[in-house]
Number of protein chains: 2
Amino acid sequence: MNKLTKSIKNKDSYLCVGLDASPIYWSQDIPSNVHGLEYFCKSIIEATQEYTAAYKLNLAFFEVWGHEGLEVMQRILEFIPKEIFTIADAKRSDIGHSASFYAKTFFETYHFDAITVNPYMGKDSVEPFLDYQEKITFLLGLTSNEGAEDFQLVGQPPLYEQIIKKSILWNLHNNIGFVMGATRPDAIQRLRNIFPKAPLLIPGIGAQSGDLYKTIQNAYFPGSPMLITISRAILYADTTKSFYQKAKEKAKNFQQEIDNIVNELSLS
Amino acid sequence: MNKLTKSIKNKDSYLCVGLDASPIYWSQDIPSNVHGLEYFCKSIIEATQEYTAAYKLNLAFFEVWGHEGLEVMQRILEFIPKEIFTIADAKRSDIGHSASFYAKTFFETYHFDAITVNPYMGKDSVEPFLDYQEKITFLLGLTSNEGAEDFQLVGQPPLYEQIIKKSILWNLHNNIGFVMGATRPDAIQRLRNIFPKAPLLIPGIGAQSGDLYKTIQNAYFPGSPMLITISRAILYADTTKSFYQKAKEKAKNFQQEIDNIVNELSLS
């Protein structure tokens, strides 16, 4: 948690760049293989690190290349400057015994600072992650996709609220955060009412077109870390071979736009 | 689906051996490294294949070793006789774009016959798996762990039932199955009432002590594939260096016990 707070403060940035590196979208000048993957991710990191508080690595985009994709992921993690916060966007879930192996994977084998976890299987599936007291576990709350409405709103209060409420009882080490989609800013407000101090990881701005101002207005809470995740809108802003220049510009713009909104809100 | 039905028929077996290979439990004569992992899994496969309709590989136990664990997993998959059904117990979940990369990972990169998927994120997170028409996607229903009661029973009817009902509308290619814990046989009966034809993957017998007779009584439905998953009770039945002999005996006993119950039920 300290590392995240420091990383946000040092850069004056709430921006988290999502490394969802897909050969379908990246420049045709980059080969569609693991070498391309490594080149693309490292170029994006070099271009954006000045404006970035955190990098989020979605495991799907590395696993798809088999074991070689995981080797590349490890080198990418080593390439990210030590002071920048890293998140394994793995959305894992399993019974306690297996979950402890997933926790070990991401926190010990790969040394991530945080992970995303799917809470559907309940307390014993989440606890092994929480046992790593220095790491943050972001539980999926109300996600940014259309399918979020299928099950996350079931019940009264809706399921995602019941998850937030119950998770407070599990939060013995103050290391539970939530993934909340920017496409549903009202839900972010309800989360802040129930669990004001939870660190938030917010996807859904950019390609998924959530409202940035409304999102920050509802998510910002002094002293509680908040990360706005942008992936495609930065990674694929330009698909020529100088993609990293446009990525840099985009990252800078997002960092400043977010910072301006936060400043406006904290002065008002 | 055909492959699963054939595999069950060929072996007269509903047994699925779960390769949850943990150095905490395996024989001390086996080294605690990836070489031990490979030796242990291959020994178990050799010992049990005669009695086994399917192998379930829980990703957590391979990922924990980093990229080398995934290399071993690939070799283990090649070692499993072609006619035996293979399941990636990955419990993945993500928004559509990322989910399509997970689907590609398990069905194309690793050539599994089936996968387990966490349905919390709804339709667009599940569809990319269903698009592989020849593969089976087992959604998590009511799982076998204690934490299942935290959220899977929320709502009226309970969440897991709502998931089963909704999934019928998604089942355009007849390739949706469910993971249902043997620790709650009544829920299996409700599933059979709602979705009689769903293939079932049933953990919770053995180490988690579900009731085998009651489970099969509620799960068995002629023409609908059913797999009873046993992991620890076979893998760690003996922790000396001749562990595979006891594993073979245990697999044989489970296969026969299950088959006897099925025969009794289909005659009555």
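Begin by selecting B:Asp12, which comes just after helix H1 of chain B and takes a positive phi of about 50 degrees. Keep in mind throughout the tour that what you see is a predicted model.

From there, step back to the helix itself and select residues 2-11 of chain B, which make up H1. Which residues of this helix are buried? Colour B:Leu4, B:Ser7 and B:Ile8, for these are the buried ones. If you turn the view until you look down the axis of H1(B), the buried residues fall within an arc of 95 degrees, so they line one face of the helix.

Select strands E1 to E8 of chain B, and you will see a closed barrel of eight strands that runs in the order E1-E2-E3-E4-E5-E6-E7-E8, with parallel pairing. Neighbouring strands of this sheet are turned against each other by 25 degrees on average, if direction is ignored. In general, the strands of a sheet pair through backbone hydrogen bonds, in either a parallel or an antiparallel way. Where E1 (residues 15-18) meets E8 (residues 226-230) in chain B, the two strands pair in the parallel sense over three bridges. Zoom in on B:Cys16 there, and you will find B:Thr229 of E8(B) standing opposite.

Next, move to chain A and select A:Trp170, which lies in helix H8, a helix of residues 159-170. Is A:Trp170 buried, exposed or partly exposed? A residue counts as buried with 20 or more other C-beta atoms within 10 Å and as exposed with 12 or fewer, and A:Trp170, having 18, is therefore partly exposed. Leaving aside residues up to four places away in sequence, A:Trp170 touches A:Lys123, A:Val126, A:Glu127, A:Leu130 and A:Ile176.

Finally, show both chains together. A rotation of 180 degrees, with 0.0 Å of shift along its axis, superposes chain B on chain A with an RMSD of 0.0 Å. The two copies are thus related as by a two-fold rotation axis. Of the interface residues of chain B, 100% are also interface residues in chain A, so the copies meet through the same surface.

Terms used:
Residues numbered from 1 in each chain as written. Chains lettered and ligands numbered in written order. Predicted model: local features only at pLDDT ≥ 70, side-chain atom pairs only at ≥ 80, totals over all residues. Least-squares fit on C-alpha atoms with pLDDT ≥ 70 in both. Contact = placed C-beta atoms within 7 Å. Pairing = 2+ DSSP bridges. Helix = DSSP H or I, 4+ residues; strand = E, 2+ residues; numbered from the N terminus. Axes fitted to C-alpha atoms, helices over the stretch in contact; angles between N-to-C directions. Arc of directions from axis to C-beta.
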